[in-house]
Amino acid sequence: MKIGITCYPTYGGSGIVATELGLELATRGHEVHFITYANPIRLDTGAANIHYHEVEVSTYPLFQYPPYCLALASRMAEVAEEHALDLLHVHYAIPHSISAMLGQQMLAPRRRLPFITTLHGTDITLVGLDRSYFPITKFSIEKSDGVTSISNHLREHTLEVFGVSNDIRVIYNFVNCTIYQPDHEKEGARQFAPEGEKLLIHLSNFRPVKRVLDCIRILAAVRNEYPAHLLMAGDGPDRGPAEHLARELNVSRHVTFLGKRDHVERLIPLAHVLLMPSEMESFGLAALEGMACGVPSVATRVGGVPELITHGVDGYLEAVGDIGAQTKRVLALLTDGDLFAQIASAARETALTRFCTDEIIPQYERLYRELL
Ligand code: GMT
């Protein structure tokens with residue numbers, strides 16, 4: 001099949017899922033065309049069957065807000081026509097599904113171009129609920145030829161809040177378990193913690209919903225009882241406040257802010273625990289990447305996370321903001337070798353059996369075939 005994929009190319013779960021999906025589809029022989037305003041961060045444009053089409057958004061003094069949505073729609077129609085695309089698959093409803101709908105209408109006199117919208121979370125739970133975006137988000141879902149959501153929780157939430165009658169199919173996030181592997185020796189941890197402290201890791205876009213300050217508070221509390229070092233991978237609005245808090249709590253020597261990182265599959269396996277203290281997660285892709293690397297998560301019981309992590313089996317779930325409870329779980333994993341081995345191996349097993357690419361990618365292929 002010839003598939004056009006659009007996503008936010010920046011650091012964020014939806015862009016990562018879209019990019020990894022495109023790469024996986026390409027290795028399965030499909031022709032994949034990324035139509036985005038910049039090269040998606042994890043995209044290897046040299047890979048076989050992968051094509052990249054940049055969306056140029058021209059400005060004009062009259063435009064206080066350059067109409068990206070229109071530039072994207074034009075580019076989608078152009079690429080679809082030129083490369084005979086079978087369908088468009090957009091990730092994150094706003095504004096991608098509206099652009100896809102316009103692209104579809106531009107081609108309608110000549111050919112059919114179905115489009116699928118994958119809902120990722122904040123497009124529904126945060127941005128989509130904003131009064132200025134609610135009606136258009138609802139409309140774009142209704143107009144999509146196929147809609148998928150990355151968890152049951154997000155599906156239920158969408159049906160309830162938007163009152164749409166679409167058949168929303170749940171297709172979970174996935175991880176490539178060959179690329180994401182455990183590292184039992186964790187030798188590389190010494191580059192960050194030369195005194196042999198165990199590593200905790202957090203990965204996100206440092207937006208308020210991620211509660212990155214809680215990671216610093218947990219690290220400080222853990223260090224009262226056990227030597228640990230925290231890796232903070234990613235960047236975003238709460239990085240400054242997190243650095244400030246680390247200084248205030250006198251732990252800045254024990255926290256490394258890495259900024260945006262490629263190849264997190266080389267970083268995550270060095271850690272013993274992944275922290276995901278989010279206010280909301282519709283799925284929690286970072287936790288899944290951790291599980292594939294045999295790094296259990298101490299996370300919050302929110303949104304779709306319980307569909308991924310089974311509390312006490314392959315990770316831990318605690319209440320949002322309960323630093324004490326999250327700290328206790330981290331300490332248990334750091335100090336009890338048998339417990340760590342058991343939970344880490346169950347986490348890897350969950351990734352392998354429920355969320356690996358071989359399990360999930362065919363679900364997208366099936367949906368594409370049904371639509372065509
Ligand atoms: O979490 C973010 O702020 C990024 C956001 C995105 O769309 O890039 O992530 C959402 O999509 C991810 C991939 O499907 C999910 O794993 C995240 O749970 C989801 N984030 C939220 O629901 C807050």
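**View 1. The lining of the largest cavity has 6 nonpolar, 1 polar and 4 charged residues.** Here Ala, Val, Leu, Ile, Met, Phe, Trp, Tyr, Cys and Pro count as nonpolar, Asp, Glu, Lys and Arg as charged, and the others, Gly among them, as polar. This is a predicted model, where local features need pLDDT of at least 70 and side-chain atom pairs count only at pLDDT 80 or more, while totals for chains, interfaces and linings use all residues. Residues are numbered from 1 along each chain as its sequence is written, and side-chain values use heavy atoms, with hydrogens and water left out.

**View 2. Who lines the largest cavity?** Look for Ile 16, Val 17, Glu 20, Glu 24, Arg 42, Phe 174, Val 175, Asn 176, Tyr 180, Leu 285 and Glu 289. Two or more of the lining residues come from each of helix 1 (13–27) and helix 9 (285–292). Helix 1 gives the most, with 4 residues.

**View 3. Helix 3 and helix 5 cross.** The axes of helix 3 (residues 96–107) and helix 5 (residues 134–143) come within 9 Å and cross at roughly 50 degrees. That makes the pair oblique, the label for angles that are not under 35 degrees (roughly parallel), over 145 (roughly antiparallel) or 65 to 115 (roughly perpendicular). On the helix 3 side, Ser 97, Ile 98 and Met 101 make the contact (heavy atoms within 4.5 Å), and helix 5 answers with Ile 136, Phe 139, Ser 140 and Lys 143. Sorted by class, the residues of this contact are 4 nonpolar, 2 polar and 1 charged.

Key
Axes are lines fitted to C-alpha atoms, for helices over the stretch in contact, and angles run from 0 to 180 degrees between N-to-C directions. On a 1 Å grid over the protein atoms alone, a cavity is a set of points where a 1.4 Å probe fits but cannot get out, and a pocket is an open set with protein on both sides within 12 Å along at least five of seven lines; lining residues have an atom within 4 Å of a point.
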